[in-house]
Amino acid sequence: MVKIRPQGERMYSDPRLAFKLGEFIQSFEDKLIYSKPKVGDLVRELQRLNEMLEEEDREIPNSWIDYLKQNYGSLDELDPDDRKALVQDLEGIKQSITNKIK
């Protein structure tokens, strides 16, 4: 559950929330790398990730949600190349967040 923050306050400036976000992204990456989750599960994880991200960081997860819904059934497994691309995009999101925290 994501905590509501006052208007104008940046989520990433709260160390506890930033830590939870990093922990969630790492868990999501591990799931992609070490197991073969169903696309429906991935869409739910991406939606949860979106809830945790600031508005300007939601473009990549939103595009993945759209892509997965258009190209896969919810019980399908993700193609290995798409899995690799999603992991790379998650790394990019982590880097973007890290840059904002610094």
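Trainee: Which helices do the buried residues of H4 pack against?
Mentor: This is a predicted model, where local features need pLDDT of at least 70, side-chain atom pairs count only at pLDDT 80 or more, and totals for chains, interfaces and linings use all residues. Residues are numbered from 1 along each chain as its sequence is written, and side-chain values use heavy atoms, leaving out hydrogens and water. Helices are DSSP runs (H or I, at least four residues) numbered from the N terminus, and contact means heavy atoms within 4.5 Å. The partners of H4's buried residues are H1, H2 and helix H3 (59–71).

Trainee: Which residues of H4 are buried?
Mentor: Buried means under 20% relative accessible area and exposed over 50%, with partly exposed in between (1.4 Å probe, protein chains only). Asp81 and Lys84 are exposed, on the face turned away from the buried side. The buried ones are Asp82, Arg83, Leu86, Val87, Leu90, Ile93, Lys94 and Ile97.

Trainee: Why do the buried residues of H1 line one face of the helix?
Mentor: Those buried residues are Leu17, Ala18, Leu21, Phe24, Ile25, Phe28, Glu29 and Leu32. Take the directions from the helix axis to the C-beta atoms. Looking down the axis of H1, the buried residues line one face because they fall within an arc of 135 degrees.

Trainee: How far apart are the end C-alpha atoms of H1?
Mentor: The expected span is 1.5 Å times one less than the number of residues. For the 20 residues of H1 (residues 15–34), that should give 28 Å. The end C-alpha atoms agree, with a separation of 28 Å.

Key: Helix = DSSP H or I, 4+ residues; strand = E, 2+ residues; numbered from the N terminus.
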